[in-house]
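Please read it alongside the sequence and structure shown here.

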Amino acid sequence: MSHLLLLDTSSLTYRAFFALPATITDAAGRPVNAVRGYLDMTARLIVDHGPDEVLHVFDADWRPADRVAAYPQYKADRAPDPEGLPEQFPLLRQVLDTLGQECVEAPGWEADDALAALCAPVAAPDRVDIVTGDRDLIQLVSDPVVRVLYTVRGVSELLVFDAEAVCARYHVPPERYADFAILRGDPSDGLPGVPGVGEKTAQRLIGQYPTLDALLADAGAQTPKLAQRLTDAAGYIAAMRAVVPLRADVGLTRLVGARDDEAADRLAAERNLDGPVGRLRAAIDGTAT
């Protein structure tokens, strides 16, 4: 049995940026708070979960052309990255490279899609844990292979989502989570959902119908107001089928760094990363205390 730990690096780095003060800089005044936070989170995850392999998964395009073509408002209103964050991603990749870590992305697609593609070929008895702060990834949960470890307070407190936990929290099975999200919407991604269909109504409809097609075909069985809303939203629902489900068929670029401890130490000293680099190296080597 192999245990693969997949890190939603874009999500975790973003959270690390806001968890640590932007005043944490290197000697030249360049911010390094997100990198420090991400390295320490990774070290803790390795120590706590003891994976056989760790992959760092990045966004190649946070707003893929295919999703925008299907629904132009997809993430259109999302605020730009805060000042001081974008330039930390290349630094993070550089640090991970010197430590011999593997970074993965799906050209033209989001980290979510790369994660879906990485999970697709894994079968029992192997297992995968995805660490993320993005609920969209709940649709990848698949017993007994794939779990989502959802960040609550850094990585010191994680919600563990297996199929039972997904059903308990959202009252839909993970394989129907995408349908649930289509009906309910996701304001963070600019997706309004079907007007008048909130979380409870979406849960009820998912429970009543095996597919969205079956729901639309039987819309007349709902109250007149809901029936009209579902009928009017047929075009929106069709567009969402190209937006919400994650793409497990995307191509992947996988880059494995050649570990160079001297280069890692030089970079750490230059960029005020000595502690985090040392802690992650110890976690990788199994010498963390």
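Both faces of strand β1 are covered: His-3, Leu-5 and Leu-7 are buried on one side, and Leu-4, Leu-6 and Asp-8 are buried on the other. Buried means under 20% relative accessible area, exposed over 50%, and partly exposed in between, with a 1.4 Å probe and protein chains only. This is a predicted model, in which local features need pLDDT of at least 70, side-chain atom pairs count only at pLDDT 80 or more, and totals for chains, interfaces and linings use all residues. Residues are numbered from 1 along each chain as its sequence is written, and side-chain values use heavy atoms, with hydrogens and water left out.

- Six of the six residues of β1 (residues 3-8) are buried, so the strand is largely enclosed by the rest of the structure. Helices (H or I, at least four residues) and strands (E, at least two) are DSSP runs numbered from the N terminus.
- In a regular strand the side chains alternate between the two faces of the sheet.
- β1 runs parallel to β4 (residues 127-132), joined by five bridges; two strands pair if DSSP finds at least two bridges between them.
- β1 also pairs with β2 (residues 53-57) in the parallel sense, over five bridges.
- Leu-4 has Val-128 as its bridge partner in β4 and stands opposite Glu-53 in β2.

**Asp-129**

- Asp-129 is found in β4 and is buried, with a relative accessible area of 1%.
- Its side chain makes a polar contact with the side chain of His-3 (2.9 Å). A polar contact is a pair of N or O atoms within 3.5 Å; within protein, one must be able to donate a hydrogen and the other to accept it, and residues adjacent in sequence count only if both atoms are side-chain atoms.
- Not counting residues up to four places away in sequence, Asp-129 touches His-3, Leu-4, Leu-5, Leu-6, Arg-147 and Leu-149, where contact means heavy atoms within 4.5 Å.

**Nonpolar cores**

- The largest nonpolar core has 57 residues, and Leu-6, Ile-130, Leu-140, Leu-183 and Met-240 have the most contacts inside it. Its largest share, seven residues, comes from helix α5 (residues 111-119).
- Apart from this core lies another of 34 residues, among them Leu-5, Met-41, Val-155 and Leu-273.
- A nonpolar core is a set of buried Ala, Val, Leu, Ile, Met, Phe, Trp, Tyr and Cys residues joined through side-chain atoms within 4.5 Å.
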